Amino acid sequence: MDASDLFTVTTDPAAPGRARLGLCGRITVTDAAALKRAALDLVARGVDVTIDCSAVEYLDVSAVQLLMCLDRELGRCGHRGALAGVSPALATDLRLLGLGAAPPAPAEKPASRWHEAIQAVADHSAR
């Protein structure tokens, strides 16, 4: 899948000053350069940006870092970034990275030892 299939930037003539960055599929480090170019273009446009995650299957750490940098740079320029369409699974991943308002609810039964290790790190970081 080409990077151009993984995200789109759209604007609505009825909403000047706003843009939508739609993410789709699995976005990994191999897509980081193209995503960075799109993010820099959005900052240069001087618009508020909604990042639509409704079609995201997976964001690796490089994609999350780029989205965080986009939000920071928008703020420096007096604009806003917002996430929309975040699935419960993605929300949990973001909270485990320390990017949510509240820690994830503990799972009743971990799916695997890997899950237990991630939860232990999250619990330790919360202290």
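Strand 3 and strand 4 run parallel and are joined by four bridges. Strands count as paired if DSSP finds at least two bridges between them. This is a predicted model, in which local features need pLDDT of at least 70, side-chain atom pairs count only at pLDDT 80 or more, and totals for chains, interfaces and linings use all residues. Residues are numbered from 1 along each chain as its sequence is written, and side-chain values use heavy atoms, with hydrogens and water left out.

**Overall layout**

- The chain holds four helices and four strands; these are DSSP runs numbered from the N terminus, with helices (H or I) of at least four residues and strands (E) of at least two.
- Along the sequence the pattern reads β-β-α-β-α-β-α-α.
- Of the 127 residues of the chain, 31% are buried, where buried means under 20% relative accessible area, exposed over 50%, and partly exposed in between (1.4 Å probe, protein chains only).
- Among contacts between residues at least 6 apart in sequence, 69% join residues at least 24 apart; a contact means heavy atoms within 4.5 Å.

- The four strands make an open sheet in the order 1-2-3-4, with mixed pairing.
- Strand 1 and strand 4 (81–84) are the edge strands, each pairing on one side only.
- From one strand to the next, the twist averages 20°; angles run from 0 to 180 degrees between N-to-C directions, and axes are lines fitted to C-alpha atoms, for helices over the stretch in contact.
- Strand 1 (residues 7–11) pairs with strand 2 in the antiparallel sense over five bridges, and Val9 stands opposite Leu21 in strand 2.
- The hairpin formed by strand 1 and strand 2 has six residues between the strands, and Gly17 in the turn has a positive phi of about 85°.
- Strand 2 and strand 3 pair in the parallel sense over nine bridges; Arg18 has Asp48 in strand 3 as its bridge partner.

**Helices on the sheet**

- Helix 1 lies across strand 1, strand 2 and strand 3, and runs at about 15° to strand 1.
- Helix 2 packs on the sheet and touches strand 2, strand 3 and strand 4, its direction making about 170° with that of strand 3.

**Helix 1 against helix 2**

- The axes of helix 1 (residues 32–45) and helix 2 (residues 61–76) come within 10 Å and cross at roughly 10°.
- Helix 1 is therefore roughly parallel to helix 2; angles under 35 degrees count as roughly parallel, over 145 as roughly antiparallel, 65 to 115 as roughly perpendicular and the rest as oblique.
- Residues making the contact include Leu35, Ala39 and Leu42 of helix 1 and Leu66, Leu70 and Glu73 of helix 2.
- The contact residues divide into nine nonpolar, one polar and two charged; Ala, Val, Leu, Ile, Met, Phe, Trp, Tyr, Cys and Pro count as nonpolar, Asp, Glu, Lys and Arg as charged, and the others, Gly among them, as polar.

**Nonpolar core**

- The largest nonpolar core has 27 residues, of which Leu21, Leu23, Leu59 and Leu70 touch the most other members; such a core is a set of buried Ala, Val, Leu, Ile, Met, Phe, Trp, Tyr and Cys residues joined through side-chain atoms within 4.5 Å.
- Strand 2 (18–27), helix 1, strand 3 (48–59), helix 2 and helix 3 (88–96) each give two or more residues to this core, and helix 1 gives the most, with seven residues.
- Not counting residues up to four places away in sequence, Leu70 touches Leu21, Ala39, Leu42, Val43, Val49 and Ile51.

**Asp31**

- Asp31 is in the loop between strand 2 and helix 1 and is buried, with a relative accessible area of 6%.
- Asp31 and Leu6 are 25 residues apart in sequence and 8.3 Å apart in space, C-alpha to C-alpha.
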